[in-house]
Amino acid sequence: MYVLRYLERKTRQMATSNWEKFVLLLWKNWILQKRHYIQTLFEILIPVLCCSILLLVRGLVDPEFIDSNSVFKPLETDRLTHLEKLAEAKNFEFKIAYSPRNDLLEAVVQEAVRALNANDPKARLTYASFADAREMESVLAESSFLAGVEFDDSWASWTVANGVPTDNLTFAVRYPAELRDDEFQFSNWVTNLLVVPFSPRLRNPLLDDGGSPSYYSEGFLGIQGAISRALLGRRLPGVDLPTVHVQRYPYPPYYDDAILEALQQLLALIIVISFFYTCINTVKYITIEKEKQLKEAMKIMGLSNWLHWSAWFVKCLILLTVSLSLITILLCVPFSSAAIFENSDWTLIWVFFFVYSISTICFCFMISVFFSKANTAAGIAGLLWFVTQLPFNVSQQNYDEMGTGAKLGMCLLSNSGMSLAMFLTVRLEATAVGLRWSNLFEPATIDDGFNVGLIIIMLLVDAVIYLLIALYIEQIMPGEFGIARPWYFPFTKEFWVRTKTPSRDTLFQANGSTESRYIEQDPAGYAGVEIKQLRKVYKGNKAAVDGLNLRMYENQISVLLGHNGAGKTTTMSMLTGVFAPTSGTALINGHDIRTDIDGVRSSLGLCPQHNVLFDEMTVDEHLKFFSRLKGVPTEAVSGEIDRYLKLLELTDKRDAQSQTLSGGMKRKLAVGMALCGGSKVVLLDEPTSGMDPSARRALWNLLQKEKQNRTMLLSTHFMDEADVLGDRIAIMAEGKLKAVGSPFFLKKTFGVGYRLICVKDARCDKQRLLSILRKYIPDVTIDTDIGSELSFILKEDYLDVFQRLLEDIEQQMVSCGITSYGISLTTMEEVFLKAGSDSFDETGTHTNGTVVETGSSEYALDRLHLLTGKELLFNQIQAQLLKKYLSSIRAWVQLVMMFVIPIFFVCMTFIITRSISAGKDLPALEITIDSYEKAITVLERAGGETARVEAFQNMFTDRGELVTIDEDMTEYIVRKSIEDIAAVNTRYFVGATIRSGAPYVGWFNNKAFHTAPLALNLVYSAILQAQCTECQLHVINKPLPYRLDTQLKKLNTGLNAGFQLAFNTGFAMAFVAALYIMFYIKERTSRAKLLQFVSGTNVTMFWLLAFMWDFTLFVLNSLVYIATVAIFQEEGWSTFEELGRAFLLLLFFGYATLPVTYLFSFLFSVSATGFVRM
């Protein structure tokens, strides 16, 4: 009891806190990272080099400085004479339509036409009326009218006599959706947007009308102005209507810099490429620890799972922080004429990249848990890294048509979210605002309901989702090593409520003495390991361990013996928590393996069957790491390391990395790692495998010394090792315990006396020899007769006649036909062969005797007929084809991927191109200041016209912000632009100049699409409300539906479906061709190909048949691809000739690619690596 209390006190003193373990793991990760210094350098420098491309572009694009104010001419709105050349080019007539038909509206339109013709020497404009809006729309869709004017159909009953009986004067101007004065194929009125999404500098600096959509050049302003004046004349008889012009806001001196246009296309892709190498390396090295059982070994020796992930997270975050800091410097510091992000806050850029790094790390964690092979994981991670940006690449051109929900959904893929953030940041830079803390949750344009702040939140959500997926998948798919939980484990009570560990008394009531004569009575003492009814059943109801009951005692080495498949490894795996028991349990140092696996592992030391070592860590570092992990105080670590280096005879290898050690030295180090740190329970799985005899003897001595105050369990295939080391030996067969006890007990129990072994010559007379023996021992029989060796069992009961018997044999050796003989006691090997045999049962009826007649003609080869010539050739061809057939069918996942990948890419190509190309008709847009949130309107009052100035001011009493000035509008806007160009670009959309004796001017900023008609409408509304405060004038831009030919062109052109299909087909077939390489790498590295050549397979025939089989598969694959394309009946990909050409091209591709694949298969030793590289 005193010893137990001492050990418990020592264990408490040595316990390592979670913080110390965390620091220890960081130290381990730092050591490994430091040893891969070239990789570390690349992880830091690749982002820098990639972003340096932007600096290179920045340096190549020299911004041009425009050193004067850009002032534009006023545009007249009372004539259409400027449309003459456009009418000739586009073949439309000077004719407007209106609806509904009545006398009043005809008078209004007639007045408008008269006013426009008054300024046209040719007076070309005419008009036509229609009963209602539907009739007018159908005519306009198929005619060459200039435009239509649509009044409310309820106005059909109005008459001239009654005048205009409403205060709400609303009309819609109907133009074709396609612009006439624009060379771009699909230019339209853009009524679905208000502001220009991306305008990095002065937009259209040479155009007085502001550019597309040009309300002036299309004649919209002329018709709007004429109808507005005619309505005002009817509503306010006798009113004085001044001439009204529209004019662009002036622009101050500026740099004409095209860099932001390049950034919008390049920036997101460069960031993705920057972190590509870091991603695949992170996934690879996390998975390596899983593949080599390093992670499970650390868990077995006391490491919590959350600490493992936390240490990796911090290590990756530190490394990425260095990279993102350098990227931030490159983007935000002006190295040449200007920075990449000239207006953005560098701290916010840094914070964004920091959040992105967090989501990236969690993404790597998520990918790593799905794989058990590091190379496969790294390859798939690299592919998925770019796939996660694919949604952004596909939808970038249609960003402004997407809803906020779709954008949020896209952000669930971190790379698409990052790309969206860079996209919006570049837009903010284009307005000279930049990304700042003040506008973090504000959209880049008023049309957008999305912002960078939402993306940052989504990236944090992504990180949580990715991490939860990683932790969940790790529990249900732990790989080759670990306990798999059921998929529904989060919904079980045990997951949320920790079950109290049952007491040892309730679990392990006295075993009592067993009635089996092959199981020795348990000795007195403390049992460090107690196993009770332990059972493990695999799929197929195969019981690997069946009802095992066993105790292993402190200060003893317990040896577990059994043939391959007896259940030894499964038992040790359950004791360490690698596998969960189907039923039963075990206590390890008082902790239940079912409910307290962390407690079990806190006192456990393990030397697995295969070396579990960090390749880049030295012997000293391994011992230091595991000593500290088990709780050795910092000041005692050095002594612990020196002690085990001396005991293991590894002193001269102290600073050698484990990958440089021989196999025997690696086993020594693995044993030292299990023993160091005072492990109370030590499990050694074949610890001396790979050691030379002297090293084995030295390790035996070490284990004998180290067993004090420990419970040791050792498994081995060396019977002499079990005999020397084993204080108690347990023998298993078919998952059951067959015998247990000390070596002496087992030899006495299973021994049958002495064994007489005789060496035969060619004239051996077995019957004569047997008769001699039976003179002394009547019931003796031949035990084994194999080759030249003949053995007999001599019972101990006849020990007194042994001398006379051996003397008699000595005298008659020649006559009996034996050359020599010997006698030996029962060995442990004989005990194992009996107790560990499948035919052994507890009744004792076991026969191990074997008689083999070596001269039997049954085994003669001369009776076997072998094929030759053509028959042999045909037989080999059949065998090769059978091999290819079976390998293809058994690798069904690879076969399915081969056919599914092209189908997937074809379907995605057509679905995306068609959904994006088939645009909807443009919506109607009411031209109103209410659409522009936070807009600042400027009013220049130049004396007189007080009523109209006040009316203009009153329009902004409850909406927007109005600034009234007395100085010249041009000077004011230029001054404000110099002070704050960002505010002018994003808030100063329209203005007005109202002065007596001169034309009124409606000012507009072409950073928004529809500000010219808005400015004109505000001026006329002020004139109207100066005399009728309740009256309102509304103008609507209501484009006609797209023409049929336009819809067909958009459908067929779209994202260029032909190019997209060709590009994606190449990508898909690259995948398919790369899949072929995997089989040949496996066949070569497993030596299966060598075995075929040694067995007589001709090399030429081997590769020729391989090509024939693979090419046949490729032809079938191509047919499936062509059939999929044919289903969509895409223009250019629908007729037999068109599809036939594509099919022929694929056949030539396969014919050329397969031999190259065979050639490259010799360059790789890992099939997954070959697949990814190809």
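1. Let me begin with helix α12 (residues 346-368) and helix α13 (residues 374-387), which pack at about 135 degrees with their axes 10 Å apart. The axes are lines fitted to C-alpha atoms, for helices over the stretch in contact, and angles run from 0 to 180 degrees between N-to-C directions. Helices (H or I, at least four residues) and strands (E, at least two) are DSSP runs, numbered from the N terminus. The two helices α12 and α13 are therefore oblique to each other; angles under 35 degrees count as roughly parallel, over 145 as roughly antiparallel, 65 to 115 as roughly perpendicular and the rest as oblique. On α12 the contact uses Tyr356, Thr360, Phe363 and Ile367, and on α13 it uses Ala377, Ala381, Leu384 and Trp385. Contact here means heavy atoms within 4.5 Å. By class, this contact of α12 with α13 has seven nonpolar, one polar and no charged residues. For the classes, Ala, Val, Leu, Ile, Met, Phe, Trp, Tyr, Cys and Pro count as nonpolar, Asp, Glu, Lys and Arg as charged, and the others, Gly among them, as polar.

2. A word on the basis: this is a predicted model, in which local features need pLDDT of at least 70 and side-chain atom pairs count only at pLDDT 80 or more, while totals for chains, interfaces and linings use all residues. Residues are numbered from 1 along each chain as its sequence is written, and side-chain values use heavy atoms, with hydrogens and water left out.

3. Next, please look at helix α2 (residues 18-35) and helix α11 (residues 305-332), whose axes come within 9 Å and cross at roughly 50 degrees. That angle is why α2 and α11 are described as oblique to each other. Residues in the contact include Phe22, Leu25 and Lys28 of α2, and Trp306, Trp312 and Leu319 of α11. The contact of α2 with α11 divides into nine nonpolar, five polar and three charged residues.

4. How are α34 and α37 oriented to each other? They are roughly perpendicular, with helix α34 (residues 946-954) packing on helix α37 (residues 1011-1027) at about 115 degrees and the axes 8 Å apart. Ala947, Arg948, Ala951 and Phe952 in α34 meet Leu1018, Ala1022, Ile1023, Gln1025 and Ala1026 in α37. Sorted by class, the contact of α34 with α37 has seven nonpolar, one polar and one charged residues.

5. Helix α35 (residues 969-979) has as its buried residues Met969, Thr970, Tyr972, Ile973, Val974 and Ser977. Buried means under 20% relative accessible area, exposed over 50%, partly exposed in between (1.4 Å probe, protein chains only). These buried residues of α35 pack against β25 (936-941), β26 (961-965), α36 (981-987), β27 (990-994) and β28 (1000-1004). At the start of α35, a side-chain oxygen of Asp968 comes to within 3.1 Å of the backbone nitrogen of Thr970.

6. Two single residues are worth a click. Ile593 lies in the loop between β13 (591-592) and α21 (597-601), and counts as buried because its relative accessibility is 4%. Not counting residues up to four places away in sequence, Ile593 touches Leu534, Met574, Leu575, Pro581, Thr585, Ala586, Ile588 and Val600. Ser1118, in helix α41 (residues 1099-1128), counts as buried at 0% relative accessibility. Leaving aside neighbours within four places in sequence, Ser1118 is in contact with Phe1143 and Leu1146.

How values were computed: Polar contact = N/O pair within 3.5 Å; in protein donor to acceptor, adjacent residues only side chain to side chain.
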